[in-house]
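Here is a short briefing to read alongside the structure. It looks at the nonpolar cores, then a helix pair, then the record annotation.

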Amino acid sequence: MRAAPPHGTLYTGRVIVTIDGVAASGKSSVASGVARALGVPYVSSGLLYRAATLLALEAGAPLEGARALLTHLRAHPLRLEALPGGNRLWAGERELTDELHSTRVDQGVSAVAALPEVRAWVDAQLRALPEPFVAEGRDMGTNVFPHADAKFYLTASPRVRAERRAQERPEDVPAIEAALIERDRRDRVQSAPAPDARVIDTGPLSLEGVIGTILAALPARSA
Ligand SMILES: Nc1ncnc2c1ncn2[C@@H]1O[C@H](COP(=O)(O)OP(=O)(O)O)[C@@H](O)[C@H]1O
Ligand SMILES: Nc1ccn([C@@H]2O[C@H](COP(=O)(O)OP(=O)(O)O)[C@@H](O)[C@H]2O)c(=O)n1
């Protein structure tokens, strides 16, 4: 591993950093911090799965029915806006972002994400993005960007993750913890760390500590 780039170094060219991990392990907050330090966008793949789920729920389409879902997605094309401060998700002129982290989307999204057709739809959108960027999700370093320059995988105990997420959801910590464990179980197939990913237990670290650990581990690049 070579020296880390100074914070604020603008990465150029074909550089992708992947940050995968279990539910509520800090992926989007960490990806946002790393991307800002590098001066590149970050993309949150989970938002596309969440948006597909929200549209299916609103349409009353069965979450396990790929054909109806994809027909609906083709009729309502989604757009992921990779802003440095946070990703936004649009369906035409309607912004869905604030509706994507509801409990009902949390509960339905794993069924939608299990559909191979939906995964192919998400993967195609991600692979069409202009590099460089930081990508976060479950399978960024394994399936979508196996050639990424640097790969990370975030973990933390279910209790730690539930306590963090309790700041963002109406349910209490035990209910959130049970739901996270169940979602991890349902997402297990696509959530294995890449063999070349660095695994970081975020439990004992602050958000800034996780971001700093990743920045320090990145291979040096010319600005
Ligand atoms: N050490 C830490 N590492 C990562 N996230 C942390 C940490 N401490 C607190 N958090 C908080 O945990 C919450 C969940 O993080 P988030 O980025 O939404 O995770 P994910 O994208 O994996 O679901 C956020 O409120 C984030 O600020
Ligand atoms: N690369 C990805 C990203 C998300 N997902 C699915 O999308 C859901 C929501 O992902 P997310 O990253 O927004 O979820 P959190 O970890 O933020 O709670 C996950 O529970 C998975 O079912 C996936 O299958 N593959």
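In the largest nonpolar core, which has 30 residues, Val 17, Val 30, Val 34 and Val 134 touch the most other members. Please keep in mind that this is a predicted model.

**Nonpolar cores**

- Helix α1 gives the largest share of the core, with six residues.
- Leaving aside residues up to four places away in sequence, Val 17 touches Val 34, Val 134, Ala 148, Asp 149, Ala 150 and Leu 218.
- There is also a second, separate core of 17 residues, and Leu 48, Leu 89, Val 109 and Ala 113 are among them.
- As general background, nonpolar side chains tend to be buried together in soluble globular proteins.

**A helix pair**

- Helix α2 (residues 45-59) and helix α3 (residues 66-75) have axes that come within 10 Å and cross at roughly 105°.
- The two helices α2 and α3 are therefore roughly perpendicular to each other.
- On the α2 side, the contact is made by Ala 52, Leu 55, Ala 56 and Ala 59, and on the α3 side by Leu 69, His 72 and Leu 73.
- By residue class, the contact of α2 with α3 has six nonpolar residues, one polar and no charged.

**Record annotation**

- An unreviewed UniProt entry places the feature "domain: Cytidylate kinase" at residues 17-217.
- Residues 17-217 are 49% helix and 18% strand, and the end C-alpha atoms of this span lie 11 Å apart.

Conventions: Residues are numbered from 1 along each chain as its sequence is written. Chains are lettered from A and ligands numbered from 1 in the order in which they are written. This is a predicted model: local features need pLDDT of at least 70, side-chain atom pairs count only at pLDDT 80 or more; totals for chains, interfaces and linings use all residues. A nonpolar core is a set of buried Ala, Val, Leu, Ile, Met, Phe, Trp, Tyr and Cys residues joined through C-beta atoms within 7 Å. A residue is buried if 20 or more other C-beta atoms lie within 10 Å of its own, exposed if 12 or fewer, and partly exposed in between; C-beta atoms are placed from the backbone. Helices (H or I, at least four residues) and strands (E, at least two) are DSSP runs, numbered from the N terminus. Two residues are in contact if their C-beta atoms, placed from the backbone, lie within 7 Å. Axes are lines fitted to C-alpha atoms, for helices over the stretch in contact, and angles run from 0 to 180 degrees between N-to-C directions. Angles under 35 degrees count as roughly parallel, over 145 as roughly antiparallel, 65 to 115 as roughly perpendicular and the rest as oblique. Ala, Val, Leu, Ile, Met, Phe, Trp, Tyr, Cys and Pro count as nonpolar, Asp, Glu, Lys and Arg as charged, and the others, Gly among them, as polar. UniProt positions are given in the numbering used here, feature names are shortened, and annotations may be inferred rather than shown by experiment.
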